[in-house]
Every structure is written in C-alpha cells, then in structure tokens.
Amino acid sequence: MKQAERVLVLMYHRIGEAHNDWERRYCVSPELFAAQMERLAAKGMQACGLDDFFAWLAGDKPLPEGSFLLTFDDGFLGVYEHGAPLLRDMNWPATVFLVSQLIGKRDEWCRSQNPGGDTYPLMTQEHIEALRGMGFSFQSHTRLHADLPTLSDEQLADELGGSRRDLEALLGQPVPYLAYPYGRYDERVLNAAREAGYQAAFSVQPGFNRRDVHPYRIRRLDVFGTDTPAMLLRKMYYGANDGSWRQTLRYYGGRVKSRLGL
Ligand SMILES: [Zn+2]
C-alpha cells in the first residue's frame, strides 16, 4: 500500500436544491453529490474516518494514498436525506459540524446573507442518532454559528465551551474538534478554542494537510454546487478551491517560471 503523505479535507454544507447563485455556492444537488463521490471512488480515492485522520496526523497510523476526509458544516437535514444513503452504500464515513443550539431548527444565520431570504432545516437529535449508527462523527460548529473574532472573551468562551458541553451531553461522548463558523478565527479565537478543550480545529484555508499542519488551522477545500466531478478532481489535484482550467494553466505557468528562475 502506498501511504498518504498529505490528506485533503473536503468541506460541504447543504445537499439539496439550490434556488439562486448564492445557494449554488453552498448547496450541492443530490445528483451532483453522487456523481462527485462516484468519480472519486473510480479514481481509487476513499473517505477516511475522523479518528483515522487524527491518528495519521499524529504519526500513529498510515493511511492509503488517495484518502480524504469528508466534512459537512452546519448539520443540514439534506445531508441525512440525500447524502447518507449513498455514503452508507459506499461504506464511507463522514463528519458533521453541528450548531449545538439550533439542532432540529433552521439555519437562521443565513437569512440575512441569502438574497432569497430562505432558510433550511437542520437535523434533529433522531437524525443525528441514526447517522451515528452509520459511523458518522459529530463535532462542534459553536452554539449559534457565531462570527468568533467579533465576540467578547466571555461570549467566546460560551460559544466554544458551551457548544462542546451541549454536544457532549447530547452524544454522551467527548467532542474534541471544532470547525470555525465562516472559517473566521484569529490568534485570540485559536487560544480560546484550546482553552475550551478542543484538541484541533478546521479552517477554510484551502490546501493539503501534511503531518506538520498546525492542529488549530487544518485546511479544507470548499466544494461548490457548481463543481462538476472533473472540477472537483482538479481542485483535489492542486489542493485549491479553483477547479477551472484557468487555475491549471496558472499552476503550470508558475512551474515553468520557477524552472526558468523567473
Ligand atoms: Zn457553517
């Protein structure tokens, strides 16, 4: 087995129907999600579990080349409805970052950002339990999807530590990992996450994760609802969010320039 030297983390949000361009960025249709997963499988790639990812990061366990971690931010019901059946058939685990005070409610934080003003349902405790039975892992995305750098120290401790406590009570097991809402964090937020008891945190900075990645700055690729399977493969090849041919040309242009010493 050829071992992975670097592992990508894919970040999805909602699976379902998108109704405007803003939603198409954050929402992948069920058909496209299936096509993307099947294309990755056909290329010999496979999703790994969260524990295996961190064991690999710690140098305790190898992962086969082509391993990636599949993550879903926010806990949308559509992931349960449209994503889980396919992932169960493929035997691929996934991780969901939950907004602990909005379980069974709707993505209220999106109302002001979505030009259509629509909100979408989030999973209930019953959905979460069913997915846990399928090997899904659930971790923290704060209590109310807070924009962490804007909070006072006290609010920060509540959003971070409070969410961890909410979820540990709900799940009956430790919740050591966090995804920063909107990918927004700074040095103070990072330290507060550590103090709140998180062992690692996921950013939205694109790129490959090697074993020397900072544990509170784990990189993720943002998968858009407009990414064809071929574009997703290109994103994963380059470790970049831009899967267009323009990006490919830039990459090779850069390599030629560096070879020429420009
Ligand atoms: Zn989010």
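This is a predicted model: local features need pLDDT of at least 70, side-chain atom pairs count only at pLDDT 80 or more; totals for chains, interfaces and linings use all residues.
1. **α2 against α4.** Start with helix α2, residues 30-42, and helix α4, residues 77-90. Their axes come within 10 Å. The crossing angle is roughly 20°. Angles under 35 degrees count as roughly parallel, so α2 is roughly parallel to α4. The crossing of α2 past α4 is right-handed.

2. **Residues between α2 and α4.** On the α2 side, the contact uses Pro30, Phe33, Ala34, Met37 and Ala41. On the α4 side, look for His82, Gly83, Leu86 and Met90. By class, seven residues of this contact are nonpolar and two are polar. No charged residue takes part in the contact of α2 with α4.

3. **α2 against α8.** Helix α2 also meets helix α8, residues 229-238. Here the axes come within 9 Å and cross at roughly 50°. That angle makes α2 oblique to α8. The crossing of α2 past α8 is right-handed.

4. **Residues between α2 and α8.** Helix α2 contributes Ala35, Gln36 and Arg39. Helix α8 answers with Pro229, Leu232 and Leu233. Four residues in the contact of α2 with α8 are nonpolar, one is polar and one is charged.

5. **The core.** How many residues does the largest nonpolar core have? It has 68. Leu10, Leu69 and Ala201 have the most contacts inside this core. Leaving out residues up to four places away in sequence, Ala201 touches Tyr177, Leu178, Ala179, Tyr180, Ala193, Tyr216 and Ile218.

6. **Thr142.** Check the backbone here. Thr142 is not a glycine, yet its phi is positive, at about 75°. Thr142 sits in the loop between β7 (137-140) and α6 (153-171). Is Thr142 buried or exposed? A residue is buried if 20 or more other C-beta atoms lie within 10 Å of its own. Thr142 has 28 C-beta neighbours inside 10 Å, so it counts as buried.

7. **His145.** The loop between β7 and α6 also holds His145. Phi of His145 is positive too, near 60°, and His145 is a residue other than glycine. His145 has 22 C-beta neighbours inside 10 Å, and therefore counts as buried.

Terms used. Residues are numbered from 1 along each chain as its sequence is written. Axes are lines fitted to C-alpha atoms, for helices over the stretch in contact, and angles run from 0 to 180 degrees between N-to-C directions. Helices (H or I, at least four residues) and strands (E, at least two) are DSSP runs, numbered from the N terminus. Angles under 35 degrees count as roughly parallel, over 145 as roughly antiparallel, 65 to 115 as roughly perpendicular and the rest as oblique. A crossing is left-handed if the near helix is turned anticlockwise from the far one by less than a right angle, and right-handed if clockwise. Two residues are in contact if their C-beta atoms, placed from the backbone, lie within 7 Å. Ala, Val, Leu, Ile, Met, Phe, Trp, Tyr, Cys and Pro count as nonpolar, Asp, Glu, Lys and Arg as charged, and the others, Gly among them, as polar. A nonpolar core is a set of buried Ala, Val, Leu, Ile, Met, Phe, Trp, Tyr and Cys residues joined through C-beta atoms within 7 Å. A residue is buried if 20 or more other C-beta atoms lie within 10 Å of its own, exposed if 12 or fewer, and partly exposed in between; C-beta atoms are placed from the backbone.
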